[in-house]
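Good morning, colleagues. I would ask you to look at the model on the screen while I take you through a few of its features.

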Amino acid sequence: MAAVPRQPDLPPPAAATGALGWVRRNLFDSPLNGALTLLAVYLLYLVVPPFVEWAILKADWSGTTAKDCSRAGACWVFIGVRLNQFFYGFYPVAEQWRVNTCLALLVAFVVPLFIKRFALKQWLGAVLLVVYPVVAFHLLVGGHFGLAHVETSKWGGLSLTLVIAIVGMVAALPLGILLALGRRATNMPVLKALCVAFIELWRGVPLITVLFMSSVMLPFFLPEGMNFDKLLRALIGVALFEAAYMAEVVRGGLQGIPKGQFEAAAALGLGFWRSTILVILPQALKLVIPGIVNTFIALFKDTSLVLIIGLFDLLGSIQAANSDTNWLGFSTEGYVFAACVYWVFCFGMSRYSQWLERKLHTGHRR
Amino acid sequence: MKVRTLLSAICVSALALAAVPAHAGATFEAVKKKGFVQCGVNSGLPGFSAPDEKGVWKGIDVDVCRAVAAAVFGDANKVKYTPLTAKERFTALQSGEIDILSRNTTWTVTRDGGLGISFTGITYYDGQGFLVKKKLGVKSALKLSGATVCVQSGTTTELNLADYFGLHKMKFKPVVYDTADETVKSFEAGRCDVLTSDQSQLYALRSKLAKPDSAVVLPEIISKEPLGPAVRQGDVEWFNIVRWSLFAMIDAEDLGVTSTNVDQMKSSSKNPDVKRLLGVDVIKHGLGVPDDFAYKIIRLVGNYSEVFERNVGAGSALKIARGQNALWTKGGLQYAPPFR
């Protein structure tokens, strides 16, 4: 019996490994896939090189007037000159540190919440939700402690977008939770009916109508000379509108909790509020994180609708800049810039929600 | 029963409040008390009102507000601006949110009669016109039969267009867009042969093209769009102040008084008209503003010609010719009653 000498293992064929192998497996594994790949590459070829050429290679970056732009490519000078206005709106330059302070405070409060082993998280969260808005309001509006009063009509740009978005989010979530609980309270028919009516009313009208009513119709119903702030009207409108949507998202989460959880909580002797806060809501909210963030992202983008009531948010201030006679014809640059800023914020929110989902994942994924 | 009584009481009082005529005669007092003029402007229209790099509002409509502030306070900067959309503008004026509406608003009979507002004058004689590609070689709007026309939706422009082509039995295909920017982009991309809009805006739109020289504005004007400031109806005192602030600028141009020579004219002019305008010879005008309010306006804002040229004319990127907006002595329509 002659032993057959063992052959050394051959490496896999070159076409199945490395980059080439990946390309074959993923991009050209069937004629259809191959054709789609080629089509996609062709489309990218049509779009990307001209865009890069316009936005980077032939673009003008430095200067102070429209004459510094050759118009062969993008004129980023326009954005540079207007950057302050796109960020602060008409907020007086000497007072802009107040906006910066507000943002810095917000970051200072939010960042520790991301640190895993930070002991005072709950306190910090409470401060952020209760104390911070008061501080930020007084800082931005002024009129006390030697700060000059800055009317809300001077607010604008990205900082106004953020104010509307943050106020909307912070107000909509708790309101939405209460509305969702109210809608499920079958033993309290009046409360339930009120909640259903509220939710269906606000979900039944477009945001643009809400803003328009608040800015155009409301003054007719108010007595003479009583004119309350345009921004405040918009904020209340946005918050109530988003709360109705949030309520339905949260209700979806509540419906996803098995009945056994309610019964187990009751068996432990927990009352309605404690069982809701300690057992039901943590699970329900976790289930609907994607839905909540979805609503927040939609809200962030919806803030641009305040333009129709004459408030200059980020998009509004860009459009106003487009009609400056010294800077006519640079609207494309403005819109590309706006798109980038909106994308950064929305993408950031979406990544945050995915991170949160992973962090809170406790093996119940369905 | 009690609840119902209360409810009906509330309804009745709300109705009563709504029925009170808005601020009869009180605007001037209110403006003096608060220390500034609240002015409703367009949220962005080249040459008429738009914020510059520093956030300072510029434009013809803005200068009208500045002139009123100069007349009332002797300080053209005592104005606060409320940017308004076309839909909001009348409510803002009616509800007392603003004191003057100076927002490229066309003076029409229905607006005078039915909206509870009064136009005080005409700052700019506008009219709808056409912008065409130069290579089409069209010299008159009457040769535009069969053309595709880019137009902004929901404006009187759209209706005027249909009227004009229908009247002259010409065919056209409208391509409707929501904003002026979209309209000009699609004109540039060749989706239509003609772009129509108010003539003042055609020049602005033209300068947004990559090659402004590739398009021409046709001479025909197919509608009357006299633009002017408006105030609440029934407040004659305030109406007169706004009206005469504009007249002062037009009369100043008529008499050759400019912001640069006004001080010299005030001290040395022998012309009795100039003396009366500048308050050297005091006339009891009874408007409630200082005797030399016209002097303040001219020194701080300028005469009509200066305002026009700086915002939409030769001194701006729009380069609009005076045309109908020239003085009555130079073949235009701008005419103001005398100061005496």
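**Backbone, helix packing and chain contact**

I begin with B:K319, which lies in the segment after α13 (304–311) of chain B. Helices here are DSSP runs of H or I with at least four residues, strands are E runs of at least two, and both are numbered from the N terminus. B:K319 has a positive phi of about 55° although it is not a glycine. With 15 other C-beta atoms within 10 Å, B:K319 is partly exposed. By that count a residue is buried at 20 or more, exposed at 12 or fewer, and partly exposed in between, with C-beta atoms placed from the backbone.

A word on the source. This is a predicted model, in which local features need pLDDT of at least 70 and side-chain atom pairs count only at pLDDT 80 or more, while totals for chains, interfaces and linings use all residues. Residues are numbered from 1 along each chain as its sequence is written, and chains are lettered from A and ligands numbered from 1 in the order in which they are written.

B:K169 also calls for attention: its phi is near 50°, a positive value in a residue other than glycine. B:K169 sits in the loop between α6 (156–167) and β10 (172–177) of chain B, and it counts as exposed because it has 7 C-beta neighbours inside 10 Å.

How confident is the prediction for chain A? Its average pLDDT, the predictor's confidence in each residue from 0 to 100, is 87, and 96% of the residues score at least 70. Confidence in chain A is lowest in helix α8 (residues 207–221), at a mean of 82, and highest in helix α7 (residues 189–203), at 94.

Next, helix packing in chain A. The axes of α9 (residues 230–255) and α12 (residues 289–302) of chain A come within 9 Å and cross at roughly 165°; axes are lines fitted to C-alpha atoms over the stretch in contact, and angles run from 0 to 180 degrees between N-to-C directions. The two helices, α9(A) and α12(A), are therefore roughly antiparallel, a term for angles over 145 degrees. Residues making this contact include A:Y245 and A:M246 of α9(A) and A:I292 and A:L299 of α12(A).

Finally, the chains themselves: 30 residues from chain B and 28 residues from chain A form the contact, where contact requires C-beta atoms, placed from the backbone, within 7 Å. On the side of chain B that touches chain A, β2 (50–51), β4 (79–84) and α8 (199–208) of chain B each supply at least two residues.

How values were computed: Contact = placed C-beta atoms within 7 Å. Parallel < 35°, antiparallel > 145°, perpendicular 65-115°, else oblique.
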